[in-house]
Amino acid sequence: MTGEDDDFEAVVAAVGDRIDPGERERQRMREAVAALTERAEEAIADLPVSGDVIQVGSTARGTWISGDRDIDLFVRFPADADREELESYGLRVGHAVLPEGREEYAEHPYVTGEYDGFDVDLVPCYRLDSATDIRSAVDRTPFHNEYLDERIDADLAGEVRLFKQFLKGIGAYGSDLRTRGFSGYLTELLVLEYGGFRETVEAAAEDWHPPVRFDPEDHGQAEFDDPLVVIDPTDPERNVAAVCAPENVARLQHYARELLERPREDLFFPDPTDPLSADEVRDHVRKRGTTPVALRFDAPDVVEDQLYPQLRKSVSGVRKELDRRGFDALRAATFADESAVLFVELAVAERPAVERHEGPPVHVRQHAEGFYGKYADGSDDSGGSGTAAGSGPPYGPFIDGDRYVVEREREFETAAAFLESDALFGVALGVHVESALANGYDLLVGEAVGELAAEFGAELAEFFDPEP
């Protein structure tokens, strides 16, 4: 072994010891699952339909990381049960198992709660012969469980745990629509494909040239325009990695190279980000010489998987419109807690009172005469983003090179003026975000964004000191 190999193995061994659930933890998990399963079976016996209960997810396959407290139990009902029956029976079982549980909603309602220190989900689904016959997304999960349970032994489970912890450490683990990273199922399939943790990170570091495609069962029936494609072994028309954002694929590649070149535990267990104070945010703004703008409003009361796609759509719409109007957006971000924020950093905060508007070449007679006639009397009735209502006449038309040009009054000379106007609602906004903005928002410009530090100091630290 080389020195780097020794270092890698030492780091991996140390990390493995930290994340491997001990026998006591495993026994507590088994006892909790047994007790919950017994409760569920008793509740099912009281229903007018048959059913069974199975444990799924990482705790079922032994791939969970020490300290994770999630138990997922799926209650399967006959395929001929209608949707209302499935939901009704599922909730009856869920509340019988978790009397103090609460109802949540994915594709259909389920019960979630706590038992003996574990977070428990009781999810109803259909008992089907094939994953291609699914009637709801959760129906796939038992098939995923069966597929992996037959292929992941204790040694490979340890390799999966290492990969999961590495992805957590670099901020790329989780298939929720806030993270858009690697799901547990995807993580397990990749380690299964390569045979171990090291082999997986070596492949990502050295061999991946997106689009990367895997088809474990060689049965794919669809094409996908994603940077990473892993055909579901149980469903030939599904990409398991569809939610994984390009930046998270790139992030894995970057940090895989870091780990191989300089193995260290802090890639698996990074220190938390130190939040910036309001004064530190203002210092960054002064040092950079830019003009950040932020729209702060009450966060819409929707689940994160609805909220974050809408926030990303909204900040993208605002950024594109500011770019189009000449304010040159450098970067953008969005934050959410009690408040939500659309944050855009601008290189240009103020534009001249006039803007150049080019017409067609003079020799293109029909279009050129139309353009000239439109502006020759000093008016612009285009209704576009040029002359605002009540503005003065344009300068020109005149000839510059071979075409007609006018200089017309700019609608908004500052980014702030645009963001304060009703024109903001003409950009592409998420539906709940648009409603929240319509109810009122604060506009913070320049050093005033320091006010955000009280709620979003860590997020601002990551914005002003970005890492891969």
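1. Tyr 404 is buried, with a relative accessible area of 15% (buried means under 20%, exposed over 50% and partly exposed in between, using a 1.4 Å probe and protein chains only). Keep in mind that this is a predicted model, where local features need pLDDT of at least 70, side-chain atom pairs count only at pLDDT 80 or more, and totals for chains, interfaces and linings use all residues. Residues are numbered from 1 along each chain as its sequence is written, and side-chain values use heavy atoms, with hydrogens and water left out.

2. Now look at aromatic pairs: rings of Phe, Tyr and Trp (its six-membered ring) pair if their centres lie within 6.5 Å, with planes under 30 degrees apart called stacked, over 60 edge-to-face and the rest tilted. The count comes to 16 aromatic pairs. One of them joins Phe 371 and Tyr 375, a tilted pair at 4.9 Å centre to centre with 50 degrees between the planes.

3. Phe 371 and Tyr 375 both belong to helix H12 (residues 365-376), four residues apart, about one turn of the helix. Helices (H or I, at least four residues) and strands (E, at least two) are DSSP runs, numbered from the N terminus. Phe 371 is buried at 10% relative accessible area, and Tyr 375 is buried at 1%.

4. Tyr 372 and Tyr 404 have ring centres 5.1 Å apart and planes at 45 degrees, so this pair is tilted too. Tyr 372 lies in helix H12 and Tyr 404 in strand E14 (residues 403-409), so the pair ties together parts 32 residues apart in sequence. Tyr 372 is partly exposed, at 38% relative accessible area.

5. Finally, find the aromatic cluster formed by Phe 8, Phe 163, Phe 166, Phe 197 and Phe 268.
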